[in-house]
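Below are some questions and answers for a reader new to this structure. Please look over the sequence and the model before reading on.

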Amino acid sequence: MTAYIIRRLWQMIPTLLGVVILVFFLFNWVGGDPAYVLAGKISNQEQIDNIRRQLGVDQPYWVQLWIFVKQIVTGDFGASWSTNERIASIILTRLPPSLTVLVPLTVLDALIAIALALAVAYVRGSLTDRMVMIVCTVGLSISILVYIIVFQYVFAYKLGWFPVQGWGDSFGENLFRYASLPILIGLAVSIAPSLRLYRTFILDEINQDYVRTARAKGLSENRIMWVHVLRNASIPIITYIMASLPGLLIGAFLIERFFSIPGIGREVILAVERSDFPVIKAITVYVAVATMVFNLLADLMYKAVDPRVQLR
Amino acid sequence: MATPSATLVRAADGTREIPHTVSPGLWTLAWRRLRADRVGMVSLAIVAAFLVLILLSVTGLIARDWAKEVGVNYAPPSFVGADIEAGTPAGPAEPEAPVPASEYKSSIVDPLADVIAELKGGKPAAAPGAAPVEAGSVDPLADVMADIRAGKGGKAVPVPVEARSATLPFGGDKWGRDVVAKTIKGSETSIFVGIASALLATALGTLFGAIAGYYGRWVDDAFNWFYSVFNSIPYLLLILAVAAVLQQKGMLTIILILGLTGWTGVFRQIRAEYLKHKSREYVQAADAIGASNARRMFIHIFPNISHVVLVQLSILTVGFIKAEVILSFLGFGVPVDVVSWGSMLNEAQNELILGKWWQLVAATVAMATLVTAFSLFTDALRDALDPKLKGLKGH
């Protein structure tokens, strides 16, 4: 097990190196001279030279790349170009609000979607099944923007059930007061695709021989669906959930923006609007690392749910 | 060679019953299966209708004058009735002012003309782009002004108040532009961006996948490394990072962003197909008759996997239409003077609080209809082209 994990971590290095080179290429080569972005067009040559020296842009490319690698390893990306806040502290303070929304959202989405998928798969081919699938397909076609605009208008603005936007200081207040409507919207958007996908995973299992055997030996339908079928269908479900987690961190940016939640996603949007390259660079690299780590975690979880899986 | 001519002779003799059956090919069979799929055919018809609509809009047959302010500001839909506060003009309620576009060019009221004239030191406001630049001052609005003068671009074209109507078929926006025409124009932008970037991404993915799968060995390793690099950065983050770097906005920029970042899914599928096909007998036969690598890859193998490409293309189109809407909404997408579903939703967000819901509904309905139809059509297409897969992939 340990040997497996070490080998997998070792294999991440070339990919991570690729991500570093890609990000470096984008921001230091395609993005042009950062001194001009930073100084604007009005400052004089002396100022520009000064900034270039500070950023190390006057060095050859390989030295700049080495500076970037050092920044990643030490976690010290310097300060934001626009607010002068340390980037490490930006990431650390923006992470908790994002997680306050995303963790309950992911857990609720998984529970609801799996339960619904089991129910729909159980009555496969029936009118209920077809109606649910049609609702899902149509729901999937409406842009997330529309959900946010309409839900915020109806539930917060018109009915006043939730605050229109904002974020507090205490965790409880944030979770139950400010995060509830964002979580509700997130569920409205994410359940439809999850449900459709999980249903097909479960349908793949439901016609297998072991299901017939379980039925023949007199097990209850509940036990067959929730234990036998679900355990076998859980590998693709875990893959899907784990693979979508890091993306969700960014994917929730629209929700964070509309509700003024000071999370990672909103920070990315702000950084793009302000051309704040160091912030985007740091977040991109760390999210890529998180993606790879979550892939590894998914593989380790396979072993936990399915003893047949061999970790090689 | 003797047998066919023999049958021909017999046919001429009058037997007439020649069992001349061409066995149907992949595409014929797929079309037959698709025809039998009622949902698939209906969605195909809807998608085709949208395509015809944007074709008409590109050629200027409809929605050409979408930028004209034909109604009062926030003109409500006709079926709701005129807004009392808006002050109904006495003129006849013609939805479109019957003035040809060419006359507008000359009769544009330039709201900034006086300001510009002052800035230029009392000189008459001629075409600002051509005016001599004084004391190093560059007119930041020169290009925009030139665009307005040329009568192109998305800037609102003012219409005298008397000619404006109180209601429009499906309401008007902030400037009184017809929402129906605006939605058609917006569909043109969104669908065009979606299809163009999907074509680019599919072409890239197919090319990379073909090379990686066909050559194998270190070439495959290199492309797989490239793939895992792109795949480990969440898609939206990658798009935003590229948007941050490419400062200029435009249709081409957004097509490039989506196309250059979205090829990974296609690559994985096509690579697997090439791995499967490269050792098949027909490829060995092609090798034996001396076909070059490129010829084997694209003349021999490609037609056999083209159905996978087609399905991937339509999956990507749906995804990119959605992505374009989000990017344009955030202001990283199409330029300000181009209307798309995303920019309509951006305006609609503030209008909803004022109670003006029609632009939101128009953009949402148009987008939901197209995307639903396109997704259902994609499912039907996949089932028709590859019946073995039916029901396997939920997507």
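Q: In this predicted model, is Ser260(A) buried, exposed or partly exposed?
A: A residue counts as buried with 20 or more other C-beta atoms within 10 Å, and as exposed with 12 or fewer. Ser260(A) has 14 other C-beta atoms within 10 Å, so this residue is partly exposed.

Q: Where does Ser260(A) lie, and what is its phi?
A: Ser260(A) belongs to the loop between α12 (253-258) and α13 (264-273) of chain A. Most residues other than glycine have a negative phi. Ser260(A) is not a glycine, yet its phi is positive, at about 50°.

Q: Which element gives the largest share of the side of chain B that touches chain A?
A: In the contact between the chains, 38 residues of chain B meet 39 residues of chain A. On the chain B side, two or more residues come from each of α8 (217-232), α9 (235-245), α13 (293-330), α14 (341-353) and α15 (358-385). The largest share, 9 residues, is that of α9(B).

Q: How many residues on the side of chain B that touches chain A are nonpolar?
A: This side of chain B is divided by class. It has 2 charged residues and 8 polar ones, and the nonpolar residues number 28.

Methods:
Residues are numbered from 1 along each chain as its sequence is written. Chains are lettered from A and ligands numbered from 1 in the order in which they are written. This is a predicted model: local features need pLDDT of at least 70, side-chain atom pairs count only at pLDDT 80 or more; totals for chains, interfaces and linings use all residues. Two residues are in contact if their C-beta atoms, placed from the backbone, lie within 7 Å. Helices (H or I, at least four residues) and strands (E, at least two) are DSSP runs, numbered from the N terminus. Ala, Val, Leu, Ile, Met, Phe, Trp, Tyr, Cys and Pro count as nonpolar, Asp, Glu, Lys and Arg as charged, and the others, Gly among them, as polar.
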